[in-house]
Amino acid sequence: MPEPIPSPAAADPVPPKRLPVLLRRSWYGLNQAFRQRIAHLDLTPDQFSILRWLIEGDPQGLTQRALTDLMASDPNTITSILSRMEKNRLIVRAPHEQDKRANRVKVQPAGRRMFEKGRKVAMGLQEQILAALPANRREKFLEELETIANSCAKIAGKDVV
C-alpha cells in the first residue's frame with residue numbers, strides 16, 4: 001500500500017500566509033461588522049457603496065453599467081439593488097440623454113443624508129480596525145493595500161479606479 005502524500009500544510013509547521021485567504025477574511029470581517037453597525041439605518045453595505053460611487057462620481061449620475069463595473073457585480077444584482085433604493089427614494093433612474101438604451105442613476109437628497117449617516121459609521125469602523133496597527137504605520141498600510149488592489153485590477157485586465 002503506498003504511503004499517503006502529506007498535504008503542504010501538514011508538512012510545514014508554519015503554514016504560509018496566502019494573500020487570497022487573508023484578503024477574503026479581512027473583507028468578510030469588515031463587511032459583517034459594517035452590516036451590523038448600519039442595520040439600524042435600513043441600509044446594506046452594497047447600497048452604501050452605490051451611494052458612495054454616485055456621490056464621488058459624475059455629478060450628472062452614473063449609468064447602471066458603470067455601477068455594475070464599479071461594484072464588480074452582475075447586472076441583475078445591481079438592478080435589484082437599485083430598484084430597492086429607488087423605492088426608498090435614495091436614488092432616481094432617468095433615461096440617459098445620449099444613449100437611449102441606458103439609464104443614468106442619480107442620488108436623491110434622502111440618499112445623500114443616508115450616505116452621510118453611513119459614512120460616519122464607516123469612518124468609525126475604519127479607525128477601530130486600523131487601531132490594530134501602530135499609528136505611524138496606518139497610512140503606509142493603506143498605500144500598500146491600494147498598490148495591491150491596483151495590481152490585482154491590472155492583472156485582471158481592468159482599469160484602475
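Asp42 counts as exposed because its relative accessibility is 59%, where exposed means over 50% relative accessible area, buried under 20% and partly exposed in between (1.4 Å probe, protein chains only). Asp42 lies in the loop between H2 and H3; helices (H or I, at least four residues) and strands (E, at least two) are DSSP runs, numbered from the N terminus. This is a predicted model, in which local features need pLDDT of at least 70 and side-chain atom pairs count only at pLDDT 80 or more, while totals for chains, interfaces and linings use all residues. Residues are numbered from 1 along each chain as its sequence is written, and side-chain values use heavy atoms, with hydrogens and water left out.

**Loop residues**

- Asp42 has a positive phi of about 55 degrees, although it is not a glycine.
- Most residues other than glycine have a negative phi.
- Arg89 also has a positive phi, near 60 degrees, and is a residue other than glycine.
- Arg89 sits in the loop between H5 and strand S2 (91-95), and it counts as exposed because its relative accessibility is 65%.
- Gln108 is placed in the loop between S3 and H6, and at 29% relative accessibility it counts as partly exposed.
- Apart from neighbours within four places in sequence, Gln108 is in contact with Arg89, Leu90, Ile91 and Val92, contact meaning heavy atoms within 4.5 Å.
- Gln108 and Ala135 are 27 residues apart in sequence, and their C-alpha atoms are 37 Å apart in space.

**Nonpolar core**

- The largest nonpolar core has 24 residues, and those with the most contacts inside it are Leu43, Ile50, Leu51, Leu54, Leu67, Leu82 and Met85.
- Helix H2 (19-38), helix H3 (45-56), helix H5 (75-87), strand S3 (103-107) and helix H6 (109-130) each supply at least two residues of this core.
- H3 gives the largest share of this core, 5 residues.
- A nonpolar core is a set of buried Ala, Val, Leu, Ile, Met, Phe, Trp, Tyr and Cys residues joined through side-chain atoms within 4.5 Å.
- Leu54, leaving aside its neighbours within four places in sequence, is in contact with Leu62, Leu67, Ile91, Val105, Lys106 and Val107.

**H3 against H6**

- The axes of H3 and H6 come within 10 Å and cross at roughly 110 degrees; axes are lines fitted to C-alpha atoms, for helices over the stretch in contact, and angles run from 0 to 180 degrees between N-to-C directions.
- H3 and H6 are therefore roughly perpendicular to each other, the class for 65 to 115 degrees, with under 35 roughly parallel, over 145 roughly antiparallel and the rest oblique.
- Phe48, Leu51, Arg52 and Ile55 in H3 meet Gly111, Arg112, Met114, Phe115, Gly118, Arg119 and Ala122 in H6.
- The residues of this contact of H3 with H6 divide into 6 nonpolar, 2 polar and 3 charged; Ala, Val, Leu, Ile, Met, Phe, Trp, Tyr, Cys and Pro count as nonpolar, Asp, Glu, Lys and Arg as charged, and the others, Gly among them, as polar.

**H2 against H6**

- H2 and H6 pack at an angle of about 135 degrees, with their axes 10 Å apart.
- H2 and H6 are therefore oblique to each other.
- Leu30, Ala33, Phe34, Arg37 and Ile38 in H2 meet Gly118, Val121, Ala122, Leu125, Gln128 and Ile129 in H6.
- By class, this contact of H2 with H6 has 8 nonpolar, 2 polar and 1 charged residues.
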